[in-house]
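Q: I have a new structure open and I'd like to learn how to read it. Could you walk me through a few features, one at a time?

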Amino acid sequence: MNKREIKISNNISLPKRGDALVNIFGYPKTFQLPTLENISGKYINTMYSTNDITVDWNAYKKFLSEVKPDFHPHALLIGHDSSEIENITLMALGGVLQHMNGISNYALVGENNINILTDIIKNKQPEWIGFNLYTGLTDFVFKWIKQYKIERASFILKRNISDFEHADRLLKNMVREARGPVYDGNQILYAPIIIGGHFNNYSFDESFEKGGDYVVRGKGINIFRDILLGLFEPGIYHDPMPYANIPQMDREVFYSDMYEFSDKTKGYIYSKIKSILTALGCSYTCSYCYISSLIDNLKEAYQNKGIKPPSIIQDRPIGTVLAEGQDIIRLDEHYGVKTAAVFDQADISLNNMNWWNELGEKWMHDIGIPFYIQARPAMLAGKKGIERIETISKRGLVSGISMAIESGDQNVRKLLLDRHENNSIVLDAIKNVKNFGVPLRTQAIVGLPVIKPSIPFNPNASKVSLVDSEGKEHYYDDPLQESLKCLDLVCSSFFRREDYYWNAIYSPFPGTPLGDYSIKAGFATGDTASRAYLFSSESGLNCFSDLTSKRQLAFSLTSNFFAHFKNGKDLMSLFIYEQDNYDLDSFSNFVLDQKDNLLPNDQISTCGLIPNISKNCLESFFDHAYRDDSDCMFKEINKKLAGYYLYLLDGLLLAAKMAVSYHTNKENKNSFTLSNLYRVERLHYYDNCYHMNYIPEKYADYLTDYLKK
Ligand code: SF4
């Protein structure tokens, strides 16, 4: 890969623990590479010192316009279109371009429309093509890159080149010589491929072999700046440093491109939930999460340096976050949207409460849109937890909190997931959040590899395993029992009607300790990278029987309902073990059969638009919504689901949203399944915690009366 031999240097002026991670000069006045270190031939660490980085991006823009007046790098930045929320990585990289007097274009593509890139490139003529590569969504991207490189190499050399490796080598050499894009006069002949994103965390080699000219692992801001400046030659680069110097994001151009791109991507602009980023980094080491390697990467980079690395969690400058809030408001006005909440994409929110105090006051004064926040149980438990929640809730700064529990078995949580919060901390955290009335989303993983390996396996050779330090095994014969423990934990807590029990089925990420464990223990094959999408509806493991997999899916689709009952675990056990079938019909029959055994956590709710409803009002609505003979079967299902609507958040509205979805499906000749029910229910809870509650237009006249009551 990287041809240059690079020596490890001990004389780098790296920041140490406690140092402010800022360049006091604002930006470097010269154009030179940071110290580079070749890490065992794997990749090159870019050891940026504080003086190497740009923190005052506006001044840097001005500086570049003076010393490089003709410099206007133009990049097409590409991501996937599967996300439910806007892509901040691309907007952040676009921010770098904007502050380098460059031009950004964006495209979000999937397997079915990736070929549109060829037209975009022809029309926009970018000099660089950047991919944000997401594990599990890579095969079609590599296929496109292969075609692109073969076509470009053939065009440039005016002969037919059919061998990809040959084309790739030729183009990489041209890029190396040109230190970037290849031109013929003013005409761009080849725009180099830059690949970033979390796929590179483990599969950086693959990105390089499959066509990336520049492969960026870790933080991309500083490396991207220097690639655009032509400082790097093709290779695999890794920035392990925890700088949070992301410039103000390029929301404006991103939106204008997404507006043009497709109806699907227009949705990101019209969505009432937007992304914001308050901090970077995470100091935890959860074994299933690719972020957990950040801390190891930082330690590796500081090895033999004689100083302690700075904290891995770094807050972004408050002024930049506020400016991005202003952008959201300005663009809301432009597009006629009213953003209801901003989702903090920080891996760990609420780390630095002084920072949040300062931001909170200014944010609510100038921006006034509440945050949706992700936090660990330990950060929400105890006195400190109360202080944290009070700080954000007293100003109306928070619309909802998401908190990962992952497993209800504290041995599994500790030994297998490397999460060290016990169940009392989890319960205390839930109690604290609920004392302030903040809607909560608990997160759990279904289908963890908790069964005993059936192949020879040495737990000592694995970072995680279910054998504790005393040699005691904590395996399950039936993995569903582990999922039931988590449900039971939440059922026994202060979880309330407005709260959502989110869960998804485990899919191993290669390169993470749990992904490696799954492979070593024979639960998964090594080729999961192209399929893994962290959480999906199908298990990424191959160790469960068909029946167990069916039960896991049924558990995952219905667990939010069961989480709202004191006896939720017993009810769920009856459902998954006593039924043969897990479709919508059997679920509705089950709810009807158990109607007298449902022991709800709270009888009265104050949340939602029509908080408390009766069975009669539900039945009248069903009569209203399902009048056609062809709807009578679905009407019957809804009647049987009365206990479901009665005890979930804003049940009448949920029933109305269900009716809208059913009729849309019917128009499109699609059936309405348990998965549809799950999806409508999930979005219904999201609406509430993002302050996006609404009355479906189709039933507005009918429901307005109830609203008044
Ligand atoms: S799951 Fe969350 S807390 Fe754990 S390592 Fe990943 S980002 Fe950090």
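**Reading the inside and the sheet**

A: Let's start with Phe622, which is buried, with a relative accessible area of 0%. Buried means under 20% relative accessible area, exposed over 50%, and partly exposed in between, using a 1.4 Å probe and protein chains only. Bear in mind that this is a predicted model, where local features need pLDDT of at least 70 and side-chain atom pairs count only at pLDDT 80 or more, while totals for chains, interfaces and linings use all residues. Residues are numbered from 1 along each chain as its sequence is written, and side-chain values use heavy atoms, leaving out hydrogens and water.

Q: How many aromatic pairs are there?

A: Rings of Phe, Tyr and Trp (its six-membered ring) pair if their centres lie within 6.5 Å; planes under 30 degrees apart are stacked, over 60 edge-to-face, and the rest tilted. By that rule the count here is 53 aromatic pairs. Take Tyr255 and Tyr335: their pair is edge-to-face, at 6.1 Å centre to centre with 65 degrees between the planes. Tyr255 sits in helix H8 (residues 251-261) and Tyr335 in helix H11 (residues 318-335), so the pair ties together parts 80 residues apart in sequence. Tyr255 is buried at 2% relative accessible area, and Tyr335 is buried too, at 13%. Helices (H or I, at least four residues) and strands (E, at least two) are DSSP runs, numbered from the N terminus.

Q: Is the pair of Phe622 and Tyr645 stacked, tilted or edge-to-face?

A: Phe622 and Tyr645 form a tilted pair, 5.8 Å centre to centre and 50 degrees between the planes. This pair links distant parts of the chain, with Phe622 in helix H22 (residues 615-625) and Tyr645 in helix H24 (residues 642-647), 23 residues apart. Tyr645 counts as buried, at 0% relative accessibility.

Q: Which residues touch the most other members of the largest nonpolar core?

A: A nonpolar core is a set of buried Ala, Val, Leu, Ile, Met, Phe, Trp, Tyr and Cys residues joined through side-chain atoms within 4.5 Å. The largest one has 110 residues, and Trp356, Trp363, Phe587, Phe621 and Tyr644 touch the most other members. Helix H25 (residues 651-667) gives the most to this core, with 8 residues. At least three residues come from each of domain 1 (272-540) and domain 2 (615-708), with bounds from an automatic or database domain assignment. Apart from this core lies another, of 98 residues, among them Tyr27 and Val175.

Q: What is the order of the strands in the open sheet?

A: Strands of a sheet pair through backbone hydrogen bonds, either parallel or antiparallel. Two strands pair if DSSP finds at least two bridges between them. Here, 8 strands make an open sheet with mixed pairing, in the order E1-E2-E10-E9-E8-E5-E3-E4. Strands E1 (35-39) and E4 (103-109) stand at the edges with a single partner strand each, so one side of each has no neighbour in the sheet. Strand E3 (residues 74-80) runs parallel to E4, and 7 bridges join them. In this pairing His80 stands opposite Val109 in E4.

Q: Which strands does helix H10 touch?

A: Contact means heavy atoms within 4.5 Å. Helix H10 (residues 293-302) packs on the sheet, touching E1, E2, E9 and E10. Its buried residues include Ile295, Leu298 and Tyr302.

Conventions
Axes are lines fitted to C-alpha atoms, for helices over the stretch in contact, and angles run from 0 to 180 degrees between N-to-C directions.
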